[in-house]
Amino acid sequence: MSSSAKMHADELDIDGRLVRRLVAEQFPEWAELTVTRVASAGTDNAMFRLGEDMVVRLPRLPGGARQIETEQRWLPRLAPQLPLAVPVPLAMGEPGRGYGLRWGVYSWLDGENAYDSPPTELADTAVELGRFVAALRQVDAVGGSVSFRGGPLGAQDADVRKAIEELGADGTHDAALATAAWERALSLPQWEAAPVWLHGDLLPGNLLTGSGRLTAVIDFGCLGVGDPAADALPAWALFSAGTREVFREAGEFEDAVWGRGRGWALCFGLVAEHYYRGGRNPVLAGVGHRAVREVLGEQDQGCRAPRARR
């Protein structure tokens, strides 16, 4: 889809002319560099390549500046402790003429997003991403803000049940099976340990690949601390049944965390498909559909598994 297409009613107007003006006014040393829009299915930020070695990220929504501020503050501290490449913040732009939010300039990372170029070495990718999640969790979390997906899963209950009702009504998903899977996730013990870091949005579009392998993790707008369960989301959004356990082992997910992660995958999938279907964002709707299908496939198998004889 075109990255210039609007997906939200309150989305800001952002184009190349605006970016060129902001760069020229605030960073005149870069004023002569080319500005080229980067095609992306991302929903929160518009991206423009600046010259050959940089990228500009501008929040699409009025409340999006916090994501840029989070990345600019924390990525330099986290990067040295992570096993995969992450964006390097180079500058933070201030609100300017025609745009009222902070925005960021970052190093350009080569690679294709895993929506467009899925990793062919899926087992290796499961190991690499699992190790990344485990390493991130080990970084000192003092001072970090709570991630959007770092709180209790039950906070999403109303949105999930609405999506189940409407996607079930039109035959997209089995509403009874989805409800059972959701309630199973809600019944799990909650995170009671100290908050830890989580990326919070490990979808295929936020992973870069090269030569079939995972090379970098991008878009840390949902970065924060809390329950790490949401970082299990790619188990169902990206990996296959055969590589899911590889990711789980490398990521060191305990049983309850993994179960809540399955709940986050179901939550993301249902809400994303419900909101973005109908052409609003076919990529995210498709990823959401896949995540739901994978979770419900496990739920269905569990329901059909033979009971042990007493």
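Q: Which element gives the most to the lining of the largest pocket?

A: Rolling a probe the size of a water molecule over the atoms shows where empty space is left. In this model, which is predicted, helix α8 gives the most to the lining of the largest pocket, with seven residues. About 1,300 Å³ of space lies in that pocket, and the elements that give two or more residues to its lining are β2, β3, α2, β5, β6 and α8.

Q: How many residues line the largest pocket, and which lie nearest its centre?

A: The lining is made up of 49 residues, and those nearest the centre are Gly42, Thr43, Asp44, Asp201 and Asp219.

Q: Is aspartate 219 buried or exposed?

A: The cut-off for buried is under 20% relative accessible area, and aspartate 219, at 14%, therefore counts as buried. Serine 211 also has a positive phi, near 55°, in a residue other than glycine, but serine 211 is exposed, with a relative accessible area of 78%.

Q: Where is serine 211 placed?

A: Serine 211 is in the loop between β8 and β9, two strands that form a hairpin with two residues between them. As a general idea, strands of a sheet pair through backbone hydrogen bonds, either parallel or antiparallel. Here β8 (residues 207-210) and β9 (residues 213-217) pair in the antiparallel sense over four bridges; leucine 207 stands opposite valine 217, and threonine 209 stands opposite leucine 214.

Q: In what order do the strands of this open sheet stand?

A: The sheet has three strands in the order β6-β8-β9, with antiparallel pairing. Because β6 and β9 stand at the edges with a single partner strand each, one side of each is left without a neighbour in the sheet.

Q: Which residues of α5 are buried?

A: The buried residues in α5 include Leu177, Ala178, Ala181, Trp182 and Ala185. Seen down the axis of α5, the buried residues fall within an arc of 130°, so they line one face of the helix.

Q: Which residue caps the N-terminal end of α5?

A: Aspartate 174 caps that end, with a side-chain oxygen that lies 3.0 Å from the backbone nitrogen of alanine 176.

Q: What can I read around α7, and which of its residues are buried?

A: In α7 the buried residues are Thr243, Arg244, Phe247, Arg248, Ala250 and Gly251, and α7 is followed by glutamate 252, whose phi is positive, near 55°. In the loop between α6 and α7 you will find phenylalanine 239, which is buried, with a relative accessible area of 0%. The C-alpha atoms of phenylalanine 239 and proline 62 are separated by 33 Å, and these two residues are 177 residues apart along the chain.

Terms used:
Residues are numbered from 1 along each chain as its sequence is written. This is a predicted model: local features need pLDDT of at least 70, side-chain atom pairs count only at pLDDT 80 or more; totals for chains, interfaces and linings use all residues. Side-chain values use heavy atoms; hydrogens and water are left out. Two strands pair if DSSP finds at least two bridges between them. Buried means under 20% relative accessible area, exposed over 50%, partly exposed in between (1.4 Å probe, protein chains only). The arc is that of the directions from the helix axis to the C-beta atoms. A polar contact is a pair of N or O atoms within 3.5 Å; within protein, one must be able to donate a hydrogen and the other to accept it, and residues adjacent in sequence count only if both atoms are side-chain atoms. On a 1 Å grid over the protein atoms alone, a cavity is a set of points where a 1.4 Å probe fits but cannot get out, and a pocket is an open set with protein on both sides within 12 Å along at least five of seven lines; lining residues have an atom within 4 Å of a point. Grid points are joined across faces, edges and corners, and a volume is the space filled by probe spheres set on the points.
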